[in-house]
Amino acid sequence: MTSGAALEVSGVSRAFGGVFAVRDANLSVAPGELRAVIGPNGAGKSTLFGLIGGQLAPDAGSVRLDDVRIDRLPPHRRARLGVGVVFQAARIFPGMTTLENVMAGAHATTHAGFLAAAFRLPSHRREEREIRDRAAECLRRTGIEDWAHRPAEELPLGQQRALQLARALCGRPRLLLLDEPASGLRTAERERLATLVEDLRGDGLTILLVEHDVAFVMRLADRVTVLDLGRVIADGTAAEIRADSRVVGAYLGTAA
Amino acid sequence: MNRWLLVAAVVVTLALPPLLPERHLGTFVLLGLAATVTAGVSMLMGYAGQVSLGQASFYAIGGYAAGLLTVHGVPTLAGLLAAPVVAAVAAVLLGAPLLRLRGHHLAFATLAMQLILLSLLGRGDWAGGAIGLQGIPTLPVGGDLGYAYLSWAVLAVVLVISRNIVASRAGRGLRAAATSEIAAAAGGVAIGRYRLTVFALSAAFAGLAGGVYAFYLGYLSPGSFPVLLSIEFVVMAVVGGLGTIAGPVVGATVIVLLVQALNTLGTQPGMPGYAPSVLSYAVYALLLVVTVLYLPRGIVPAVTDRLVKERRP
Ligand SMILES: Nc1ncnc2c1ncn2[C@@H]1O[C@H](COP(=O)(O)OP(=O)(O)OP(=O)(O)O)[C@@H](O)[C@H]1O
Ligand SMILES: [Mg+2]
């Protein structure tokens, strides 16, 4: 497995119609760290992920992945540098099988183009075999191998979430953004996800995790960043965050 | 079962040309060419989510490229090979600005592109102007029968290429981008470049067909590439079934046979001179409506769905 990347978010802001969704946010994540990002609804968590993944451009500030500035790059370039995304909404590719969905995720780290495909060049065949093997492994890890040949839109919500994760993993990311991957999952599925996330961290992957289930977060995360009204209001270990009165006031007191 | 269907289709296609009466052989050639262009339109619409109402432009560009080159002494085979290349290059140049548009904006822009091209060809003396480009040499394929096999061989090549691409890394990227651009881009798909590449590929298919067309007829005029032809390609693609490999062939066959029948009807004594074209427009409109209402995914998916259902009751 490839090792995780360091992430450095400095002074990043993004407004929608004059209202800040993220305001002067700073975040420093070490390689291989599992960082949770928590905060009430509308705190700016998904916006922050969008600024890192490239779905949104920042109004100010910078984002660095292993010292490479990525905040002006289009999302596909960031994917190629190792940013993998699991969206809050299950964004699958309907009309394609589950396996094909996951294989599509390998795009970031594979190369065969139209000409190689059109004429079935040896390079294309070799890579296609590799992508298929990789996708099969990702399906196995996320527990949806039985669905491989079903159209993705037929999957239940929990499996669609797993599919999104499998697809992101198939691109061999070095930084994985997980935006509420456990929402809508049943307890057993949630447990399975927690184990998988722990495994991925064991592989050395850097992970950013947004999750409302505080117990889930506190169990997994090395450190926790708390957002409120677009600002980072606290940053520390799970124990430090639990003891922080501002956090309890803004979030834990009301949500937990 | 699918394989046997394919074998049967190939056998019939190979056996048909010598059996056809002379006057229907031409229809057979043009059908092969129309299906070739439609394969590109189908890929564009079905796998990349783009509509082109100007695909006959690239048919024309390929035809004129082959015609002009060979009229000026280039060997015919080189002229034929140049046709798809010139059309693809034109598509890249035109597509770079055009593909910033989406949906019906893009459709109208491609339509405008064709109108501009037709007016340029009509005025350009270098292209024979409104009278047309005369004296294009013929390919050494042995007359109409040869062209019948050539046009369907070209179609076969184009269909194999389409199938190969659809089931590849590039094809998955395209299909992904057609349903969720955000997720596709996050997975590493360079969406802008992909859209341009498919546009160029579909233009190359049309250009190749145009090249064969030029050699087959021996002359070209702007009047051979009306806007109606572009619409015809779209109707063929939709009726046959977008996002299927056999769809373009089935759609083109249905439309060509229908148009043939209507032409016979429209040119009956007593019919006004505009009858054939009015009838064609009416039939395209009617077919589109009927398809969208009753077979929203086109003929080929409807038939295969039914076959699959029958096999597992
Ligand atoms: N595309 C957009 N256009 C306008 N406003 C937006 C847009 N995206 C987010 N916002 C606003 O920015 C703020 C932050 O939204 P964001 O989705 O980042 O919150 P979140 O922390 O992910 O919330 P949740 O827990 O509900 O997912 C909200 O007030 C939201 O309404
Ligand atoms: Mg959110």
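**Exercise 1.** Which residues in H10(B) meet which residues in H12(B)?

*Solution.* The model is predicted.
Step 1: take the H10(B) side. The residues there are B:Leu228, B:Glu232, B:Val235, B:Val238 and B:Val239.
Step 2: take the H12(B) side. Here the partners are B:Ser280, B:Tyr281, B:Tyr284, B:Leu287, B:Leu288 and B:Thr291.
Step 3: sort the contact by class. The count is eight nonpolar, two polar and one charged.

**Exercise 2.** Describe how the axes of H10(B) and H12(B) are arranged.

*Solution.*
Step 1: locate the helices. H10 covers residues 227–240 of chain B, and H12 covers residues 275–294 of chain B.
Step 2: read the geometry. The axes come within 10 Å and cross at roughly 25°.
Step 3: classify the angle. Angles under 35 degrees count as roughly parallel. H10(B) and H12(B) are therefore roughly parallel to each other.
Step 4: assign the hand. This crossing of H10(B) and H12(B) is left-handed.

**Exercise 3.** Work out the packing of H10(B) against H11(B).

*Solution.*
Step 1: H11 spans residues 247–266 of chain B. Its axis and that of H10(B) are 7 Å apart, at an angle of about 120°.
Step 2: that angle makes H10(B) oblique to H11(B).
Step 3: the crossing of H10(B) with H11(B) is right-handed.
Step 4: list the contact. From H10(B) come B:Glu232, B:Val235, B:Met236 and B:Gly240. From H11(B) come B:Gly247, B:Gly251, B:Ala252, B:Ile255 and B:Val256.
Step 5: by class, this contact of H10(B) with H11(B) has five nonpolar, three polar and one charged residues.
Step 6: compare the lists. B:Glu232 and B:Val235 meet H12(B) and also H11(B).

**Exercise 4.** Which residues come nearest to ligand 1?

*Solution.*
Step 1: there are 13 residues around ligand 1. A:Asn41, A:Gly42, A:Lys45, A:Ser46 and A:Thr47 come nearest.
Step 2: check a backbone atom. A backbone N or O atom of A:Gly42 is 2.9 Å from a ligand 1 oxygen atom.
Step 3: check side chains. A polar side-chain atom of A:Lys45 lies 2.8 Å from an oxygen atom of ligand 1. For A:Gln88, a polar side-chain atom is 2.9 Å from an oxygen atom of ligand 1.

Key. Residues numbered from 1 in each chain as written. Chains lettered and ligands numbered in written order. Predicted model: local features only at pLDDT ≥ 70, side-chain atom pairs only at ≥ 80, totals over all residues. Heavy atoms only, no water. Axes fitted to C-alpha atoms, helices over the stretch in contact; angles between N-to-C directions. Helix = DSSP H or I, 4+ residues; strand = E, 2+ residues; numbered from the N terminus. Parallel < 35°, antiparallel > 145°, perpendicular 65-115°, else oblique. Left-handed = near helix turned anticlockwise from the far one by under 90°. Contact = heavy atoms within 4.5 Å. Nonpolar A, V, L, I, M, F, W, Y, C, P; charged D, E, K, R; others polar. Near = heavy atom within 4 Å. Polar contact = N/O pair within 3.5 Å; in protein donor to acceptor, adjacent residues only side chain to side chain.
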